[in-house]
Structures are given as structure tokens and as C-alpha cells.
Amino acid sequence: MKLKTLMLGAAAASVLAPAVQAERGEDGNVNIIYWQAPSIMTPYLSGGTKDIEAASLVLEPLGRYDETGALVPYLAAEIPTVENGGVSEDLTQITWKLKEGLLWSDGSPVTSADVKFTADYCMAPEGGCAQFAKFTGVESIETPDDLTVVVNFDKPMPNPYGPFMGGQSPILQKAQFEDCVGAAASTCTEANFNPIGTGPFVVDEFKPNDVISLSANPNYRDPEKPAFATVTFKGGGDAEAAARAVLQTGEYDYAWNLQLAPDVLASMAEGGEGTPVSAFGTLVERIEMNLTDPSPDLPEGERSTVAHPHPILSDEKVRRALSMAIDRELLVEVGYGQAGRATCNLVPAPELYASDNTECLTQDLEGAKALLEEAGWTDTDGDGVREKDGEKLSLLYQTSTNAVRQDFQALIKDWWRQIGVETELRNVDSSVFFGGDPGSPDTFQKFYADVEMYANNFDGTDPQSYLSMYRCGNEPKPSSQWQGENINRFCNEEYDAMLDELAKTGELEKRGEIAKKLNDMLTKESMTIVPLVDRGRVSAHSNTLGGVVLNTWDSELWNAADWYRIDE
Amino acid sequence: MTEPVPASPVPIEALKDKGPDKPPRSKWRDVWEQFRKHKGAMVGGAFLLFITLGVLVGPWLWTLDPQALDIRAKDMRPIYTAIWNSEADVGWAHPLGSDQLGRDNLAQLIAGGRASMAVGWAAMLLSLIIGAGIGVVAGYFRKLDGPLMRLTDLFLSLPILPLLLVAVTLFRQPLRANFGPEGGMFILIVTVVGITSWMPTARIVRGDILALKEREFVLAARSIGTRPFQIIKRHLLPNVLSPIMVSATLGLATAIITESALSFLGVGFPSDFPTWGKMLADAVARMEDFPERVMLPGIAISLTVLGVNYLGDGLRDALDPRIRGR
């Protein structure tokens, strides 16, 4: 089903639903399955999506992102902006106003002290807060009255919605977590497993890495919601089993993040018990070109460092030819189906930041061959592989172990063979590849290969920090213990200058323009990054569960309060 | 005057040899006749021969490239599917169907069998040589018994899969540089499987040697001054051949399974190099729609391993002089 029809359906349903005299808890129980089991109920002590999303049933931030990436007030009365005076002109201060009459699930009132406490909790030095990045640049937080919170930043913040916005940064109750600040954070098991929140549900029983039982919050701000009296949140298993449980057997009502091949998912959906839904965020499957020489002949510590430029891929024409040989539409068909779209952009969304770059979408094998000829790579000995100065055009192509990625590797190898490029494939176990262990030669940061493929995205809706990853000097290198995000070892002064400009610009239109330009510099102008597929999130809900709006910008359970049972 | 002594003394009647009425039988012929009586072993051996020949000669008979993609002919079913499902997408171009990228299943099965069998035989031979060698030496030379058996215990406690993962990380790069991606991985897998599976052979052989070396025929050999190496070669090894053979067949099976497990985990050969284990692993997600992609390599692995086990069983019976002829 198309995303649009689904959303229209959901919108229509949400219009109809209140007409049927909604009442809290009238729809009984809802079963949710996450194939990764939550181990804690607060996002501050875990970076895992599973934990963040489970916690979002109970804890709420001041505002959330909706399915289009727009900001929606939750505990706040409205979203502060420069226009309504909530954000100061110099972009160093944001003033949040809480809704009036908000209560915690234990009946006590929500005040600005709780909001301030949340920031203190996460910014406490020894706390090891997983969402510390959200509070970057926060200088001080003031609470002039019970409903007002003023956040001061130490420098202009074009995007001041880091703290208290989105599922990663919800508000904790001061009374409950007061003794859990700093090093004591992880020892407060009771609070971490059963947080008191403002969300639609409260935890009855929390079994780490297994099942969470929740029931409707009696003090939820909307007296008619949530429609469900209880929630059973089951964790564990694998994506395939979770999909079966919703689509084929109907045991569960909602399954999260079903990374399955399109034909597998489609055949399950024929079970008729549920519907897969998809939505697109910023996750892009891409091929990264190594601009430095990964040759094993170089001494350890110099491989894949800026000291040695890549003998083949330093030539922009070769990179472009490699990109032209790829048929992205076919990749989508084979690997993702409705959960993917061919893309040429590193930043595919939101609309404001997405460049209109589409020239890579058409495969051009002849053009690629011509380009390689032009770059001096010719097949002189007739073995089907091009040479230049006695060196073969041979590449090592690595990625993580995953059925879809291996299919992609096989297809791309075949296309590259057709333009005279020899490819050796390698796949590395995901936990090693993404593990970041500086001792392992197989991590994606070390990049001991010529090209590698993986997917990455950015949090929230602002791509500034994402684009800043490709700054000169931010590359993984021995002196930084191979940590760093500039995987390609890209370095361009013009790019860095524009990044600085982006950090100073507050006006959205202008920011969009700069971000698009930066995106183009990495993709279509230099072909340093070759985006392949804009990957959507696929989840599935039962045909009897209404109100589901899949959201890739925030927790998938962001609107669980609006879910209801469709009577058959 | 003395009576002339006859040129050849007349043999005493009772002690006279009746002379061989049948031509002499060689030991190996006895072994073969005993072996033929074991039906399972015959079937197993025949199947193993068939598979081995099939993967060796197969690429000349079925010339499709197992790595060639043909996306238009993807997801084809085996030809026999047409018997019960007339709408199935079948064709003689791909008699066993094709996978999700249009690679021919038959060609992959043949190429995969080559890799799996090669790994199996090579690793088996390696572990056999190490195992038998260590077992014989430990059993025969008392001084070496303790250290060698403790070494065996040490190796027995090594978990093979984690060890392989570490070895892959450490040695892949140099091996790849010298022998290419496939050759390097082949050497690595064979070596690691070989050096982690010789221990049962060594223990069994040592036990048998310990008992054998106290027997009278060994004492006799020693008393006429036979050197230890000759005793081992002439008297001990032939007597422990049957347990060695059994370990060998089991070792072949283990090696094939270990290679499959590695491919299944994605740390074996490059992802486009087909082996039976990899075909199996790739097909699991689509098991429901395309059961043949799991069944074909799965059956090939199971039957090969089963065949090898039966062969080993028959060989043991045939090689043991005490069982032979019964």
C-alpha cells in the first residue's frame, strides 16, 4: 500500500474515531513486539532505539517531531520560534512554556523544576548520559516560574531544539530521580525500570530483556485517551518472527523495524492479519570511496591515512564512472521494494534540505566506459580488466554481513565487471564492522578496502552535524584511535568554509540552500559518496489496530495515545 | 661303508604340506570382499564417488558460470515443480531453478560442492596426518607420552569457531596477498579445521598403540634388533589402520560441516564464491517460497556426510583382521 493512502486512511480514521464517544481504556489490551528487547526504560542510560522507543510510552519531551519532521508541542504549550519570541534574535536563548495543569502519573504536578532537573541529570559529569550530545552548548537553565524554562547557549544555536525535544530527550520527574544523579544513575534500578512519566501509559512490571506490562496512565492530560487499558510490550526474537507474529498469525498488533527482503515481507503480508507500513527518513545506503591508499604493502599506521592518496580512486573520473555503472532502481527492487527509493543524495530529507540531484538515477554503462577511457584506463591485454601504467583497475569492496547487502555486492560487482573493473568482495560480521574496535582491521572506520557500503542517517531534522562529519581532519586515523566520522578522508577547504557559514546561519531558507550545496559537493560534484538507496523504515500493524502513523523522525510509538481498536 | 644319504630327505608323511590348492589371496582382496558385504558402505562409497566425480567433471558438462547474474531469470523453480504446479516459472535453461539474482542453482551446486569437498578432503588429510603421527609417537615413546597428551588436552579445549574468527582476522591479509582471496581463505580454513580436529584420532591411536606394543610380535621384532621406526611402520601402523580410517571419515564430515558453518556466519569465502553452506545460509529467509534452495545444498551436505560415515563403518569392518571373514 502506498504511504499516502495509509496516511490518508489513518487521518480519516482519527477524524472518525472521536465521534464514537471515546473513553479511556475501553479497547482492552494491545500487544507490541520489538525484536530487540528493551533493557531499561530511560533513554538517558541507553543509546538503543529499542529502549528509547519503549520509554516513549511513559516519558514525554516538551515537543516531538511528527511524521513530516515538523515540530509538535507535547508538554509545552507551543513550540518556541524566533517569530513568536520564544527564541532570542541572537539564537542563544530559547524559552519554553509548559502546558497548565499537567500531572505526573503519581498525581503530582509537572513543574519547570523537573525540566531543569532533567538537564542537570544528563549533564552531570560522571553520569555517562547517552544523550549528552542533545545538550551540547547548553550554558545554563533558568526557571523564572513554575511553567517557564529558559535555556541559555554559550554560542548562537541555529537549531536550538536539542534539549527536551524528541524521544531521546524526555522529561524525568525530579522527585523520583533526585538521588540518581551522576555516578549513581545506573544504580537506581527501581527508577530506571519504572519511571514516573506524563505519557499515556505507566509501567506495571518491567522484566529486562523480556516483557514490559503497562497500563493506562490515570492522570494523562487527555481524559479520553489512551483507548487501550493495558499494553504488553514483548521484546526479543528476530525481525522475521516479529513480522510473522503480526502479519500471519495475528498474535501481536504492532511489530517494529522489519528489515526483510521485499518478497519475503510481501509473502507474509498475504497472511491477511496485518499490513506493513513504511515511511522515509534520512537513512541512506551508500558506497563510500576511499580517497587514501589502503594497500597492505604500506606500514601499519599509514594504511588508509591521508599520507597516501588512493592510486585509483583519487581520480574523480573513475569514481564517477563507478557511480554511472550502477542501476539504482534495480537495487531497490531487489533489496527493499516499497521500503526503498533510489537516491543520489546524502541528505534525502526533509524537503528543505534535499537537493534536486537526480542525474545518477539512469544507468549509463557506455558513458562509464568512455569516462574510464578518458581517464587513461584501457584494457590492453584483453582480459576484460582495464589497466593503466601496469596497474589493474581492481577494487576491494567490503560491507557488513547481511543478505541484502551481499545481493547488492553481487549486482554491483557484475556492473563494474561490464565496464572493465575487477572487484573482490568481502563481507565482515556486523558487530565487528560497526564495532569500532581500533585493534581490528575490519572496522568501517579503518577502511582497509577501496570502497565500502553501509547505511547512515542523522537524528532529528537538521543535517548540520551530519554534514560536519566530512570536515578536514575529522577522518579516522591512528592518532585518534581510528575514531572519526569522515570515513572517506574527504578534505576540501571550500566545503569547510561553507560548514562554518552554515553554523552561523539561522534563517531556514538560507540553511537549506547551504546544506544542498554541501550535499552536492559530496555527491554529484565529487562522487566521494555514491548514494544508492534511500531506505525507509518498515513496520507492521494488525488490521484491527487503528491510529498508527509511522514516524521516522521520532519514536515510532510517538502517538500511541491515539491508537485504538477497529471493531470487525 | 656307510649307507648313502638320499639327496633330499623323504618328508614325514604326517607333516607334509598338502600344497596350496588355491592361489594365494592378497590382504587387500580380503579387505575388498569383506567391504563388499557391507551394503551401507557400498552405497555410501558409490554416492561419495558420484558426488566427487560430479563436482570434478560437472563444470564441463554444465557450463553455466555459477556467478553470472541474469536478473530477468531470477527466482525460477526447479523443473520438477511443474509436475504439481503448472504455473510455476520453470525452464530447461535452469533445471534446478535460479536464485534471487538469477544465478543458476545447478551450476552453484556443482561449484559449491567443489569448494566443500576440497575443504573436506584437505582438512581431513591434514588432521589425519597430525593425529596419527602424534598418537603413534605418544603411544610408542613413553617419555613423549605425557607432554603430547597434555598438548592434545589443550587443543581439545580450544573452541573451533572463535578460534577461526580470530585466525581469519589475523591471517587473512597476508594469505590473501600471497594466494588470492579464495586460495588464502582455503588454506586458512583447511589449516584451522585440520589443526583443531586431530585430537580424537591421536587419542584413539595412542590407546591402540599402547596395547599393541606390549604384544609378543612386537617383542619378537624388537629382539631381532628392528629399529623403532621400522616397528612402527611394519607392525604397528597396519594394526591401527582401522581406527584411523574411521576418524578420517568422521573428519571429512566435520570439515564439510565446519566450512558450511563458517559460510553461514559469513566469515568464510568471499560472498560471491558459492559453497554448499553459503547457498544454504542465503536461502533460509526464502525457505517458505523456495524450499528447494535450502533442500538441495542441505541434502547434498547430509548425504555426503552420511555416505562418508557409512564408508568409514564398512572400512573399519573390512580392515580389522579380527572381524574380517565373519
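Which residues of α10(B) are buried? They are Trp276(B), Gly277(B), Lys278(B), Met279(B), Leu280(B), Ala281(B), Asp282(B) and Ala283(B). A residue counts as buried if 20 or more other C-beta atoms lie within 10 Å of its own, as exposed if 12 or fewer do, and as partly exposed in between, with C-beta atoms placed from the backbone. Helix α10 (residues 276-283) of chain B has 8 of its 8 residues buried, so it is largely enclosed by the rest of the structure. Helices (H or I, at least four residues) and strands (E, at least two) are DSSP runs, numbered from the N terminus.

The model is predicted: local features need pLDDT of at least 70 and side-chain atom pairs count only at pLDDT 80 or more, while totals for chains, interfaces and linings use all residues. Residues are numbered from 1 along each chain as its sequence is written, and chains are lettered from A and ligands numbered from 1 in the order in which they are written.

Chain A is divided into domain 1 (1-58 + 199-273 + 543-568), domain 2 (59-193) and domain 3 (280-377 + 392-536). These bounds come from an automatic or database domain assignment. The centres of domain 1 and domain 2 of chain A, taken over C-alpha atoms, are separated by 25 Å. Their contact takes 27 residues from domain 1 and 25 residues from domain 2. Two residues are in contact if their C-beta atoms, placed from the backbone, lie within 7 Å. On the domain 1 side, α2 (49-55) and β7 (201-206) of chain A give two or more residues each. This side has 15 nonpolar, 9 polar and 3 charged residues. Here Ala, Val, Leu, Ile, Met, Phe, Trp, Tyr, Cys and Pro count as nonpolar, Asp, Glu, Lys and Arg as charged, and the others, Gly among them, as polar.

Strand β7(A) also pairs with strand β8 (residues 211-216) of chain A, in the antiparallel sense, over 5 bridges. Two strands pair if DSSP finds at least two bridges between them. Phe201(A) has Ala216(A) as its bridge partner in β8(A). The two strands, β7(A) and β8(A), form a hairpin with 4 residues between them. In the turn, Asn209(A) has a positive phi of about 60°.

Between the chains, 25 residues of chain A are in contact with 18 residues of chain B. On the chain A side, α7 (262-269), α9 (328-335), α11 and β16 (422-428) give two or more residues each. The largest share, 8 residues, comes from α11(A). The side of chain A that touches chain B divides into 11 nonpolar, 6 polar and 8 charged residues.

A nonpolar core is a set of buried Ala, Val, Leu, Ile, Met, Phe, Trp, Tyr and Cys residues joined through C-beta atoms within 7 Å. The largest one has 156 residues, and Leu411(A) is among those with the most contacts inside it. Leaving out residues up to four places away in sequence, Leu411(A) touches Leu330(A), Leu331(A), Val334(A), Leu69(B) and Leu101(B). A second, separate core of 65 residues includes Ala41(B), Leu164(B), Ile244(B) and Ile301(B).

Over residues 118-141, chain B is 96% helix and 0% strand, with its end C-alpha atoms 34 Å apart. Over residues 236-257, chain B is 82% helix and 0% strand, and the end C-alpha atoms are 32 Å apart.
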